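The sequence and the structure come first, then the points by topic.

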Amino acid sequence: QPPGAGLPAGGAGRREGRRPRRGPPPRAGAPAPPARLDVQSTLVGTAITLPAPLGKDAATPLPLSLQAPLPVGKGEVALDLGQLMRLRGRMGAGSDMTGLIQFGGGPLAPLPAEGLVALGSSGTLDAAGWIAFAAKGDGTGGLRAVDLRVAQLGLLGSTFPDTRLRLQRATDHTEVLLTGAAIEGNVRIPTDLDLGVQGQFERLHWPDKPPPPEVAATEVVAAPDVEEAPGQDPRALPALRFSVKDLRMGALALGEAQLQATPVANGLRVDRFTTRAAAMQLTASGDWLRAGEGRSRSRFDVDFAAGSLGELLAAFGLAGVVEDGETKGKLQGSWRGSPGEFALARFDGRLRVDVGEGQLLDVEPGGGGRVLGLISLAEIPRRLSLDFSDFFEKGFGFNTMGGEFVFADGSASTDLLLINGPAAEIRVSGSTDLRLQRYDQRIEVLPKAGGALPVLGALAGGPVGAAVGAVAQAVLQKPLKQAARTVYSVSGPWKEPKVVEIEKGPPPAGGKAPAIRFLQTPQNKTDPLK
């Protein structure tokens, strides 16, 4: 390093004992012994901006011990960073070093024949940070090979346990190989970065985010927000071209995936990200940009489709809540941190979902019956089976389900989630606190006459009677639906929501009851009662 590089501010290094080591005075006529440099420091006051595990802030102590001959090329250099890393090596012609960098404990391996080799084990390692560092070529010219076992490998805000990382340098590229239970693949970093960094993975099982802390029914203190992982700078990444054969996000199997991303002035532009699996297809684009010192923000548009909402929820680990239901949706918004740090509790934006014919199953409360924490779908058929057992005894079949949800400040709300079925129409509005895991919602149930009126008409006999029943249903459907209307309040924690009936019958005066329309024919236009 240049003279003075890495020294603590304010001359602290001098007080901590940077001094040449000198032996006893030489005898008359004897050659002077070689001088040696001996440095001991806590590195308090010095920040190291390398990726983890070598990075640290200025306030954190990290014992440093350095011994080197003077001049440096005259012997072996020894550097220790606490229990984190040891370096032993010799300087060759110019500034090239042959040596060993060993992480963790254990006896030192032999020095390599040439270049620098890194071996051993580490508790953490920032993979994306080191890939970006290697891509820029800063200080990596002499690093020939790396073979590390990492307890927690960090990649774009998430961690992959028990992973082996190997690096091999060739003439025109550097290849990084990652192997573990959750990740297996390679990343190729060309010397000419304009060609883009390419990654090919057999599997990439992105770990699920830990759930927010459990919140008691009487607790009102907000659960802590998810903190952004440190050291994420999207400006450091080059162009990316990645493919994955088996991509998973927690319990959600996304199948084959493709990613294309391009550097922009303040970060990274994701031109296209696609996934294809049996349960769902997804297409996304957006940006990951720097948003201040040590901060970043992701903004994306995501379109998704699934042949069955039930299968999609099962992929999320919510099996047995919904059956069938072809689904299309669009997610638009942003969140603090990298794309890999997405969480609903930190998401600001909108979600639009439209679902085709399916059924809400009659499941026990407290099970997995929640869709995005917006409404306990398990509670609907359960409650309706109590109040409207003739219609909903085995769950609730629906023709369509759709609504738009707004996410902001850890809360999700909707003006109207409409579930329209042959037996009833269900309207849901209100919000849920995604951090506290609590509901504040209103569910309005409007049972339909269904087949009852045509049956009454059929009692009159023949086609004429059936026609009479059909006309009666068309004329009286909405008035009867309003008369049987019931409104519930859903509040409290997700696991034990409190459902209370708050209204019965037609809306109060001034309410927004649907207008009554009469079936008109040329004969009754002048007198609707006909």
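The model is predicted, and its values are computed from the coordinates. Three strands make up an open antiparallel sheet, and the structure holds 16 salt bridges.

**The sheet**

- The strand order in the open sheet is β18-β21-β22, with antiparallel pairing.
- The edges are formed by β18 (322–324) and β22 (396–398), each of which pairs on one side only.
- On average, neighbouring strands of this sheet are turned by 20° against each other, with direction ignored.
- Strand β21, residues 358–360, is joined to β22 by three bridges, and the two run antiparallel.
- Within β21 and β22, Gln359 stands opposite Gly397.
- In general, strands of a sheet pair through backbone hydrogen bonds, in either a parallel or an antiparallel way.

**Salt bridge Glu184–Arg203**

- Glu184 and Arg203 form a salt bridge, with 2.6 Å between the closest N and O atoms.
- This pair links distant parts of the chain: Glu184 belongs to strand β11 (residues 183–190) and Arg203 to strand β12 (residues 197–206), 19 residues apart.
- Glu184 counts as partly exposed because its relative accessibility is 29%, and the limits for that class are 20% and 50%.
- Arg203, at 23% relative accessibility, also counts as partly exposed.

**Salt bridge Lys330–Asp303**

- Lys330 forms a salt bridge with Asp303, and their closest N and O atoms are 3.1 Å apart.

**Salt bridge Asp354–Arg352**

- Asp354 and Arg352 form a salt bridge in which the closest N and O atoms are 2.7 Å apart.
- The relative accessible area of Asp354 is 36%, so Asp354 is partly exposed.
- For Arg352 the relative accessible area is 35%, which means that Arg352 is partly exposed.

**Salt-bridge network**

- A network of salt bridges links six residues by name: Glu425, Arg427, Arg442, Glu444, Arg485 and Glu503.

Notes: Residues numbered from 1 in each chain as written. Predicted model: local features only at pLDDT ≥ 70, side-chain atom pairs only at ≥ 80, totals over all residues. Heavy atoms only, no water. Pairing = 2+ DSSP bridges. Helix = DSSP H or I, 4+ residues; strand = E, 2+ residues; numbered from the N terminus. Axes fitted to C-alpha atoms, helices over the stretch in contact; angles between N-to-C directions. Salt bridge = Lys/Arg side-chain N within 4 Å of Asp/Glu carboxyl O. Buried < 20%, exposed > 50% of the residue type's maximum accessible area, 1.4 Å probe, protein only.
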